[in-house]
Amino acid sequence: MRNPSLTARQRSLRAARGVGGQGAGWTDAGLLSLRIVVGGLVAAHGLQKMTRWVGGEGLTAGAEEFRRDGFRGGRLTAVAAGSGQTVGGLLLAAGLLTPLAVATVAGVMTVAATVKLPHGPWVQNDGYEYPLVLVASMGVTGLTGPGAWSLDRLTGVNWPSSAGIVGCAAGVLGGLATRQALLRRPPKERSGEQDVT
């Protein structure tokens, strides 16, 4: 008999375990691997923007990179983006507050994709291929949830699929809005006015 208190995801996972037996454990292992690799790399990339750790060149170089890409804000922008990537990546790797992690990483990567959009899709031309893959990974993670081997599940939290999908959508829309409204540097600043923020 169907248990009405189970979420759609719980019912589908229960059905998959019934059909797949021990194979369902491999799904959780796959989700854990994806979270650790993607979350770890995103967090490390965030640290690079702000520090000299993991191959970074420090906050001054991070701020200059943002200026070259047409952003306003200098150091403040570098700290905000770096912090978002670091915190979002660590939450993702741990499987903690997964919808928030998905939203944060998707938002930062959407902004990155807008910067690379004029170069076309391919990474060898500095294109948007890599940020797009990361945004897609956030969509998948939002849809499936973090899996059984996560801090969310360990603490008894089982987010519905809708929370993850809304998180990813909010991240993408927030990234687009942030890039357009807050971060685009006016032409006057680009033509020689120094940004000292």
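**Salt bridges and a surface patch**

Mentor: The side chains of Asp-126 and Lys-116 meet in a salt bridge, with 2.6 Å from N to O. Asp-126 belongs to the loop between α5 and α6 and Lys-116 to helix α5, so the pair ties together parts that are 10 residues apart in sequence. Please note that this is a predicted model.

Trainee: How is such a contact to be understood in general?

Mentor: Side chains of opposite charge can pair when their charged atoms come close. In this case, Asp-126 is partly exposed at 38% relative accessibility, and Lys-116 is likewise partly exposed, at 23%.

Trainee: How many salt bridges does a search of the whole structure find?

Mentor: The search finds two. Glu-64 forms one with Arg-67, where the closest N and O atoms are 3.4 Å apart.

Trainee: Which residues form a nonpolar patch on the surface?

Mentor: The patch consists of Val-37, Leu-41, Val-123 and Tyr-130, which together have about 380 Å² of accessible area. Val-123 sits in the loop between α5 (98–116) and α6 (129–144). With a relative accessible area of 49%, Val-123 is partly exposed, and patch members must have over 30%.

Definitions and conventions
Residues are numbered from 1 along each chain as its sequence is written. This is a predicted model: local features need pLDDT of at least 70, side-chain atom pairs count only at pLDDT 80 or more; totals for chains, interfaces and linings use all residues. Side-chain values use heavy atoms; hydrogens and water are left out. Patches are made of residues with over 30% relative accessible area and no salt bridge: like charges are joined within 9 Å, nonpolar side chains (Val, Leu, Ile, Met, Phe, Trp, Tyr) within 5 Å. Accessible areas come from the Shrake-Rupley method with a 1.4 Å probe; for residues, only the protein chains shown count as cover. A salt bridge is a side-chain nitrogen of Lys or Arg within 4 Å of a carboxyl oxygen of Asp or Glu. Helices (H or I, at least four residues) and strands (E, at least two) are DSSP runs, numbered from the N terminus. Buried means under 20% relative accessible area, exposed over 50%, partly exposed in between (1.4 Å probe, protein chains only).
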